[in-house]
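Hi there,

Here is the structure I promised to pass on. Have a look at it first, and then read on for what turned up.

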Amino acid sequence: MLKIPSMVALIIIAVTTLVAYKKRFGLTLALLVSNFSIFFVYTIYRSEMSFDLAFSPIYLYSYPEKLYTLATTMFLHADLSHILGNMITLFFLGIPFERRVGLKRFALIYFISGIGGTIIYSLVNPSPTFLIGASGAIFGILGAFAFAYPFEEVVMPLPFFFIAILTRVKVLHAAILFGLLELGFSLISYGYDNVAHVAHVGGLVTGILLSWIVLRERKVRIGIVEYRDLAEVTRDRELMDRIRGESIPEIRKEWLRELITKHRCPYCNGRLSYHDEGAYCRRCRTIFR
């Protein structure tokens with residue numbers, strides 16, 4: 001039977017997720033709240049909660065009744081630097097990605113990537129150690145984001161010697177950088193540190209595959225969408241408002257010409273051209289109106 005601190009952690013996960021779904025304020029924010037809340041409890045009841053909620057690769061082979069920990073282990077973090085690094089990255093990466101794909105798709109990619117990364121690590125290293133943290137899930141979000149919207153820019157903490165610097169970078173470049181770093185660490189530092197680098201790589205790959213499966217239709221067959229999708233990327237809301245509010249066709253057409261000259265499609269980075277109904281992407285055939 002689960003101990004009281006573990007039950008409290010599960011209640012926190014359930015309540016924050018339910019509120020996010022009902023109130024529609026974002027699963028990313030719910031994950032931030034639940035992770036920090038559970039971290040506070042975990043620092044006090046570490047041993048009890050590790051036994052109940054942390055995942056060990058041996059569970060995959062010998063203890064099927066403990067497989068639920070594949071999900072709960074994502075809410076446990078070893079120390080303050082561990083949770084801060086994960087949550088800062090989740091904040092800057094998760095919010096813009098969730099806005100693009102919606103809560104349900106975001107949740108699917110987040111949790112399956114985390115589980116996938118953990119399983120891949122367990123297949124490579126079936127040891128009795130505990131795997132904790134949301135890194136695999138966050139790497140999955142990074143991989144999915146990079147596959148679906150490779151040229152969108154986000155703020156991310158990038159490593160610089162022994163510190164991390166927040167800087168704006170294209171998602172594709174961040175995915176390549178962190179993917180190569182984690183792949184290198186998984187080969188060089190195997191067995192010499194306490195970081196599950198293989199789980200990070202596994203989460204990244206899982207996220208890319210899920211993006212190809214789940215988001216492919218949204219990316220290619222999105223059809224006709226509103227200008228607000230374009231405004232989120234270009235941040236040129238004044239121009240978008242002028243296009244939407246202009247009643248004179250000739251003037252609206254000139255604002256559209258300025259739009260297609262200055263900006264690209266937020267879904268595939270293709271060039272925009274003028275269309276009778278609005279702006280048109282030549283590559284993915286999306287019409288913005």
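Let's begin with a term: a charge sits over a ring if NZ of Lys or CZ of Arg is within 6 Å of the ring centre and within 35 degrees of the ring normal. Arg100 does this above the face of Tyr149, at 5.6 Å from the ring centre, and Lys66 lies over the face of Phe51, at 4.6 Å.

Before going further, note that this is a predicted model, where local features need pLDDT of at least 70 and side-chain atom pairs count only at pLDDT 80 or more, while totals for chains, interfaces and linings use all residues. Residues are numbered from 1 along each chain as its sequence is written, and side-chain values use heavy atoms, leaving out hydrogens and water.

Now to the rings. Phe, Tyr and Trp rings (for Trp, the six-membered one) pair if their centres lie within 6.5 Å; planes under 30 degrees apart are stacked, over 60 edge-to-face, and the rest tilted. The count comes to ten aromatic pairs. One of them, Tyr59 with Tyr63, is edge-to-face, with 6.0 Å between centres and 80° between the planes. Tyr59 is buried at 8% relative accessible area, whereas Tyr63, at 38%, is partly exposed. (Buried means under 20%, exposed over 50%, partly exposed in between, using a 1.4 Å probe and protein chains only.)

Phe97 and Phe106 make a tilted pair, 6.3 Å centre to centre with 55° between the planes. Phe97 is buried at 0%, and Phe106 is buried at 0%. Both belong to one aromatic cluster that includes Tyr110 and Tyr149.

Enjoy exploring!
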